[in-house]
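Subject: Handover of the structure

Hello,

Here is the structure that I am passing on to you. My notes on it follow below.

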Amino acid sequence: MKVINESLEFSTSGFSDMKDLTSGVSRILSQSRLENGIVTLFVPGSTGGVTTIEFEPGLQKDFPELMEKLIPQKKSYHHDATWGDDNGFSHLRASLIGPSLTIPFSHSRLTLGTWQQIVFVDFDNRSRSRTLTLQFMGE
Amino acid sequence: MKVINESLEFSTSGFSDMKDLTSGVSRILSQSRLENGIVTLFVPGSTGGVTTIEFEPGLQKDFPELMEKLIPQKKSYHHDATWGDDNGFSHLRASLIGPSLTIPFSHSRLTLGTWQQIVFVDFDNRSRSRTLTLQFMGE
Amino acid sequence: MKVINESLEFSTSGFSDMKDLTSGVSRILSQSRLENGIVTLFVPGSTGGVTTIEFEPGLQKDFPELMEKLIPQKKSYHHDATWGDDNGFSHLRASLIGPSLTIPFSHSRLTLGTWQQIVFVDFDNRSRSRTLTLQFMGE
């Protein structure tokens, strides 16, 4: 059994920008030479989240629209009154979707479905450079 | 430390149909002879989710009604315009609830509460045969 | 590789009361002497959840208000008709946020962001004593 700490770096444009990280995670899994185990993806920050989705153009519009419906950007939040950075909506969306995703792999392949991709969603209100923590544990 | 790849197969009727998988997961844990570790449940698909709930008849109605309130089936989604399969709501519900659940076990027992059950929720718009990935890691 | 079962105990006041558990989890990680691995936090109950948030006074009001908007306390739920304990909203909020959170650590430190804290949210409708399951796995 081994533990391997890795990361992925990428740029995002904020406002529920979705990045498909599936090939990046798969590539690092191949390089690790691990066959069976889990990879834990973790967002080290409070304005981004990870989940899975069928990464096609329709859902890339639907998911941000859902976030806007559930947690509108323009509503007044206590966070904004405190800090003045106007991204209270970003923090709430991130806490709702969650910062962590654990995916098993077997025979050196992620156990994803055919039409299922790993996505990072940047909920912040500006473009950013992001680093996602990846930790592989297995044999 | 060992890694054991398993799965559970079952039929679902869609439209937020909830399946209690607690006894199935516990049975496979017993067969594994592992004592301490984690089990990762993962949905290999983009229209189902896993969480826990008190699996009683009232909440089996309340949870689907909540999904319908937050992400209505009949709303027009970009996904449906692209693919014509009318299950945009299914994909969004699945991304919101999430495809992965990690549960520790100790002394060969899942650390669930007394009134807490593991549920798979099928958000698709038709009946399906489902396979849930289970991976046990422990000693 | 080792597996270490631990727990955290604390009191909560219900109604989306949020507890910052970051220092408690970090302390137990230090005592474990593990350097690389994951900690899985798990709520053994069906009326609490775990996520991360920037734990500042504004968001400590915003998050409960979001829960009240998405899943109002005073709405009539089937669960309450069955059991009469009036906490249907608590169960639904817990299933939405989820009972499980997996966080990698490396060099004996949690991979959290600077402004990101681990929070337990008690969604029940009364004060309670809570025990959160922590399981460390690593080397």
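Are H4(A) and H2(C) parallel or oblique to each other? The axes of H4(A) and helix H2 (residues 57–70) of chain C come within 10 Å and cross at roughly 60°, and H4(A) and H2(C) are therefore oblique to each other. Angles under 35 degrees count as roughly parallel, those over 145 as roughly antiparallel, 65 to 115 as roughly perpendicular, and the rest as oblique. Axes here are lines fitted to C-alpha atoms, for helices over the stretch in contact, and angles run from 0 to 180 degrees between N-to-C directions. Helices (H or I, at least four residues) and strands (E, at least two) are DSSP runs, numbered from the N terminus.

Some conventions before the rest. The model is predicted: local features need pLDDT of at least 70 and side-chain atom pairs count only at pLDDT 80 or more, while totals for chains, interfaces and linings use all residues. Residues are numbered from 1 along each chain as its sequence is written, and chains are lettered from A and ligands numbered from 1 in the order in which they are written.

Chain A against chain C

On the H4(A) side the residues are Gly88(A), His91(A), Leu92(A) and Ser95(A), which meet Gly58(C), Leu59(C), Asp62(C), Phe63(C) and Leu66(C) of H2(C). By class, this contact has four nonpolar, four polar and one charged residues. Ala, Val, Leu, Ile, Met, Phe, Trp, Tyr, Cys and Pro count as nonpolar, Asp, Glu, Lys and Arg as charged, and the others, Gly among them, as polar.

Over the whole interface, 27 residues of chain A are in contact with 30 residues of chain C (two residues are in contact if their C-beta atoms, placed from the backbone, lie within 7 Å). The elements of chain A that give two or more residues to this side are strands S1 (2–12), S3 (37–42), S5 (100–106) and S8 (128–138), together with helices H3 (78–83) and H4 (88–97). H3(A) gives the most, with five residues. The side of chain A that touches chain C divides into 12 nonpolar, 15 polar and no charged residues.

Chain B against chain C

Here 30 residues of chain B are in contact with 26 residues of chain C. Strands S3 (37–42), S4 (48–53) and S5 (100–106) and helix H2 (57–70) of chain B each supply at least two residues of the side that touches chain C. H2(B) gives the most, with eight residues. By class, this side of chain B has 13 nonpolar, 12 polar and five charged residues.

H2(B) packs with helix H4 (residues 88–97) of chain C at an angle of about 60°, with the axes 10 Å apart. H2(B) and H4(C) are therefore oblique to each other, and their crossing is right-handed. Gly58(B), Leu59(B), Asp62(B), Phe63(B) and Leu66(B) meet Gly88(C), His91(C), Leu92(C) and Ser95(C).

Relation of the copies

Chain A can be laid on chain C with an RMSD of 0.0 Å by a turn of 120° and a shift of 0.0 Å along the axis. That is the relation of a three-fold axis. Chain B can also be laid on chain C with an RMSD of 0.0 Å, by a turn of 120° and a shift of 0.0 Å along the axis. Copies are superposed by least squares on the C-alpha atoms of residues with pLDDT of at least 70 in both. Only 15% of the interface residues of chain A are also interface residues in chain C, so the copies meet through different surfaces. For chain B the share is only 13%, so these copies too meet through different surfaces.

Sheets of chain B

An open sheet of five strands has the order S1-S8-S3-S5-S6 (chain B), with antiparallel pairing. Strand S1 (2–12) and strand S6 (109–110) of chain B stand at the edges with a single partner strand each, so one side of each has no neighbour in the sheet. Two strands pair if DSSP finds at least two bridges between them. S3(B) and S5(B) are joined by six bridges, and Thr40(B) stands opposite Thr102(B) in S5(B).

Three strands form another open sheet, in the order S2-S7-S4 (chain B), with antiparallel pairing. S4(B) and strand S7 (residues 117–122) of chain B pair over six bridges, with Asp122(B) in S7(B) as the bridge partner of Gly48(B). Helix H4 (residues 88–97) of chain B lies across S4 and S7 of chain B and runs at about 45° to S4(B).

Regards

Terms used: A crossing is left-handed if the near helix is turned anticlockwise from the far one by less than a right angle, and right-handed if clockwise.
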